[in-house]
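Subject: Model for your files

Dear colleague,

Here is the model I said I would pass on. Please look it over before reading my notes.

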Amino acid sequence: MKFCTETLKKLQVKFDAKIISAHRTPDRMYAFAKSAEKENYSVIIAGAGGSAHLPGMIASMSTLPVIGVPIESKKLKGLDSLLSIVQMPKGIPVGTVAIGEDGAINAGIMAASIIALENKEVKKNLVLWRNKQTNSVKKNLINEF
């Protein structure tokens, strides 16, 4: 999830990073999910590994958008996490990104995109970031013969 926080910092999106486990700290999860909207959170990004219940459990208790990041596990390389997060029951949506680093980065960008709908400063930073990304792609191959 450090790649997610790095992305949010680059885009100058205010965020909190909390350690919550659906299985090991269920009371903490419940309290956070129930209070997040009242505490002015806009989007929740939840990284989870293994059975990966955290994003879905939070989504079941909040109307805020939830982005689930499957964490790469030792046993199944994150496939277990991906399948758990993406297979939500009807009515409990979780936006799911790729496993690991790429997914964590994309979760930060997706959260910024959602926030940018209402926040002009984040929108400006997101546009600049995307332009920089676009401009980093070469237009022509250089003939080195």
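The model is predicted, so local features need pLDDT of at least 70 and side-chain atom pairs count only at pLDDT 80 or more, while totals for chains, interfaces and linings use all residues. Residues are numbered from 1 along each chain as its sequence is written, and side-chain values use heavy atoms, with hydrogens and water left out.

Helices (H or I, at least four residues) and strands (E, at least two) are DSSP runs numbered from the N terminus. Strands pair if DSSP finds at least two bridges between them.

The sheet is open, with 3 strands in the order 1-2-3 and parallel pairing. Strand 1 (44-48) and strand 3 (95-96) are at the edges with a single partner strand each, so one side of each has no neighbour in the sheet. Strand 1 is joined to strand 2 (residues 66-70) by 5 bridges, and Ala48 lies opposite Pro70.

Helix 4 (residues 79-86) packs on the sheet and touches strand 1, strand 2 and strand 3 (contact: heavy atoms within 4.5 Å). Helix 5 (residues 100-116) also packs there, touching strand 1 and strand 2.

In helix 3 (residues 54-61), 6 of the 8 residues are buried (under 20% relative accessible area, 1.4 Å probe, protein chains only), among them Leu54, Ile58 and Met61. Their cover includes helix 2 (26-35), strand 1, strand 2 and helix 4.

Leu83 is found in helix 4.

Regards

Definitions and conventions
Axes are lines fitted to C-alpha atoms, for helices over the stretch in contact, and angles run from 0 to 180 degrees between N-to-C directions. Buried means under 20% relative accessible area, exposed over 50%, partly exposed in between (1.4 Å probe, protein chains only).
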